Amino acid sequence: MTGVQACALPILRDAADPALRDRLRKVDEAARHLLQVINDILDLSKIESGAVTLDEVDFSRDDLMRRALDMVVEPAARKGLELVLELDHLPEHLRGDPKHLSQALINLLSNAVKFTDRGWVRLRAELLSEDGARLLARFEVGDSGIGIPPEQQQHLFEAFRQADASISRRFGGTGLGLALTRHLARLMGGEAGVHSTPGHGSTFWFTGWLARRSEEHTAELQSQFRISYA
């Protein structure tokens, strides 16, 4: 999706005609959606066949959360939605698979913005427990959207399933994002779920095991950060 964004946004900025800008925006959104569907199908197939392994690399909690939110800033702004970020004791310097974490967060955030017409969307991360250097983290995306009836929630994490047929007709989508998110959470030793009340919004969440970044790497990167931005 980043390639499409990099190509389309400069053209949108340079277009002076409002009608042209609107058409370019719709083309950009359609291209993003198509790439998301293709990527989700490929990743889900790889996971189900056991072909996906998780990376173990150092990453920044703040960079992870900011980049995920950046992907929904524009559609949220068009609806006048407030984007909220909450962090609860989860360390800034972590080790794990930021690529797949980001993929899961973007799936949840995109759904929240899609199904929320007014109000807010909240991204939250918290530390649930520790086991030596290992950390059990919980990520959740809440919204003030349409909500989901209890009898339909049990099917949401099945591939190609949505709450009901009218959802696909009204909002689009394939129903792959939540299935992929649950698979990724289980690869990280965690789980995924939802709490929702019709008319009062939803909270989708997933957990996973990460690790603390080593003290040596943390000190080195903090030093580089101070030098780069002095």
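**Into the core**

The largest nonpolar core here has 40 residues, and those with the most contacts inside it are L101, L105, L109, F139, F204 and F206. Such a core is a set of buried Ala, Val, Leu, Ile, Met, Phe, Trp, Tyr and Cys residues joined through side-chain atoms within 4.5 Å, with buried meaning under 20% relative accessible area (1.4 Å probe, protein chains only). At least two core residues come from each of α3, α5, β4 (120-131), β5 (134-143), α8 (177-187), β6 (192-196) and β7 (202-212). Helix α5 gives the most, with eight residues. Helices (H or I, at least four residues) and strands (E, at least two) are DSSP runs, numbered from the N terminus.

Keep in mind that this is a predicted model, where local features need pLDDT of at least 70, side-chain atom pairs count only at pLDDT 80 or more, and totals for chains, interfaces and linings use all residues. Residues are numbered from 1 along each chain as its sequence is written, and side-chain values use heavy atoms, leaving out hydrogens and water.

Now look at how α5 meets α3. On the α3 side, L64, M65, A68 and L69 are in contact (heavy atoms within 4.5 Å) with P98, L101, S102, L105, I106 and L109 of α5.

Zoom in on L105: it touches L64, M65, A68, L123, F139 and F206, leaving aside residues up to four places away in sequence.

Over in α8, the buried residues include G177, L178, L180 and L184. After α8 comes G189, with a positive phi near 80 degrees.

Definitions and conventions. Buried < 20%, exposed > 50% of the residue type's maximum accessible area, 1.4 Å probe, protein only.
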